[in-house]
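Here is a short note for a colleague who is opening this entry. Please keep the model in view while reading the points.

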Amino acid sequence: MSNAASTLSIAEDRSARLQQAGTGWGERISATADNAKLTFTVQGEGFGSVASNIVAGKHTFTVDEPAALGGDDVAASPVEYALGALISCQVVVYRLYAEQLNIQVDDVKIVAEGHLDVRGLFGIDKTVRPGFTSVDLDVQITGPETAERYDELRQAVDAHCPVLDLFANPVPVTTAVTLTPAN
């Protein structure tokens with residue numbers, strides 16, 4: 001058997017991984033419902049003008065602002081990372097639910113456009129919220145299914161995407177400030 005014939009296609013590999021993940025989580029949750037509850041911890045430390053080094057598990061990345069917002073523009077801004085998080089979560093959930101609904105998705109590309117009025121950020125107008133006033137997602141799917149099947153998929157994604165849920169619904173946030181004496 002040739003090497004090409006013995007390797008899985010990307011679609012077959014994705015399908016196998018998603019099935020394995022779904023089966024594994026189903027077994028863990030069936031054993032104990034509390035196994036479904038996850039906690040994610042991310043740490044950050046400021047540097048430069050307004051930049052941050054972020055550590056998420058074994059991964060690190062930098063966040064900054066453009067010069068017009070006081071940064072050095074060494075990395076994407078927090079709101080750009082938020083849109084990136086939304087896009088990447090959408091891609092995952094499109095793939096997951098395409099597998100579950102047996103809908104073929106050959107490719108998925110997403111463009112997110114977030115609209116933000118800096119009057120809220122800078123406290124210039126108290127009636128303007130500091131975050132996005134709206135977000136537009138342009139989801140481009142390539143595949144052989146009907147428009148109705150892809151709309152069924154979109155509805156499943158809209159109902160189950162964790163990061164879309166963060167954007168669409170209030171999430172309780174608590175803040176504790178600890179003072180550390182300067183050296």
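1. Two terms come first. A contact means heavy atoms within 4.5 Å. Buried means under 20% relative accessible area, exposed over 50%, and partly exposed in between, with a 1.4 Å probe and protein chains only.

2. Basis. This is a predicted model, where local features need pLDDT of at least 70, side-chain atom pairs count only at pLDDT 80 or more, and totals for chains, interfaces and linings use all residues. Residues are numbered from 1 along each chain as its sequence is written, and side-chain values use heavy atoms, with hydrogens and water left out.

3. Confidence. pLDDT is the predictor's confidence in each residue, from 0 to 100. The protein chain has a mean of 94, and 96% of its residues reach 70 or more. Residues 1–5 fall below 50, and beyond near neighbours in sequence this stretch has one contact in the model. Where pLDDT is low, the predicted coordinates should not be read in detail.

4. Layout. Helices (H or I, at least four residues) and strands (E, at least two) are DSSP runs, numbered from the N terminus. The protein chain has six helices and five strands. Their order along the sequence is α-α-β-β-β-α-β-α-β-α-α.

5. Overall form. The C-alpha trace spans about 65 × 40 × 40 Å along its principal axes. Of the 183 residues, 19% count as buried.

6. Helix 2. This helix covers residues 10–31, 22 residues in all. The expected span is 1.5 Å times one less than the number of residues. That gives 32 Å, and the end C-alpha atoms are 32 Å apart, so the two agree. Which residues of helix 2 are buried? They are Ser15, Leu18 and Gly24. What covers them includes helix 3 (78–101).

7. Aromatic pairs. Rings of Phe, Tyr and Trp (its six-membered ring) pair if their centres lie within 6.5 Å; planes under 30 degrees apart count as stacked, over 60 as edge-to-face and the rest as tilted. The whole structure holds two such pairs. Phe61 and Tyr81 are tilted, 5.0 Å centre to centre with 40° between the planes. Phe61 is in strand 3 (residues 59–63) and Tyr81 in helix 3, so the pair ties together parts 20 residues apart in sequence. Phe132 and Phe167 are stacked, at 6.2 Å and 20°. Phe132 belongs to strand 5 (residues 132–142) and Phe167 to helix 6 (residues 162–168), 35 residues apart. Phe132 is buried at 14% relative accessible area, whereas Phe167 is partly exposed at 34%.
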